[in-house]
Amino acid sequence: MSQDPETESRRLGRFYLTTAIAYANNRPGLHTLYEVVGADVTGGFLAVNKIRKMRAKVSYVFKDLHCDFLKRADGDVVFRTDDGKALMALVDEAVATGERVFLPVNIVATVPDKHGDEPVAKFTTTLSLKKYG
């Protein structure tokens, strides 16, 4: 019997974010901004969510961002990261050691309605965490 998609995503350490940015297609700067923000949210959501649930005092920042725009995102964009397990471990490490820790997070953007699973953009952002207080 097949698991539901949410349970399967958790098991695989995946996180998905879908955005409707089609209206920004005629505004190139805004379109790019939406994609970069989508990548940042996807890359940090799991870590920030765990930090909040733990009520830990951990600061987070995206240290850098590398973007490869491969095709025009001409529909609803789905951002995906498969680094969920590594993000959870990073939070645990930051809390346990108190040291600043880093993780490059890979994000792939697709437009399933138009291009299937073929990436329209790829992002790598380095998440930096440090316990404070």
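Student: What makes Lys85 and Ala96 of H3 count as exposed, and on which face do they lie?

Tutor: Exposed means over 50% relative accessible area, buried under 20%, and partly exposed in between, with a 1.4 Å probe and protein chains only; Lys85 and Ala96 are exposed, and they sit on the face of H3 turned away from its buried side. The model is predicted, with local features needing pLDDT of at least 70 and side-chain atom pairs pLDDT 80 or more, while totals for chains, interfaces and linings use all residues. Residues are numbered from 1 along each chain as its sequence is written, and side-chain values use heavy atoms, without hydrogens and water.

Student: Which residues of H3 are buried, and why are they said to line one face?

Tutor: The buried residues of H3 are Gly84, Leu87, Leu90, Val91 and Ala94. Seen down the axis of H3, they fall within an arc of 115 degrees, taken from the directions from the helix axis to the C-beta atoms, so they line one face of the helix.

Student: What share of the chain's contacts with a separation of 6 or more joins residues 24 or more positions apart?

Tutor: With contact meaning heavy atoms within 4.5 Å, that share is 76%.

Key. Helix = DSSP H or I, 4+ residues; strand = E, 2+ residues; numbered from the N terminus.
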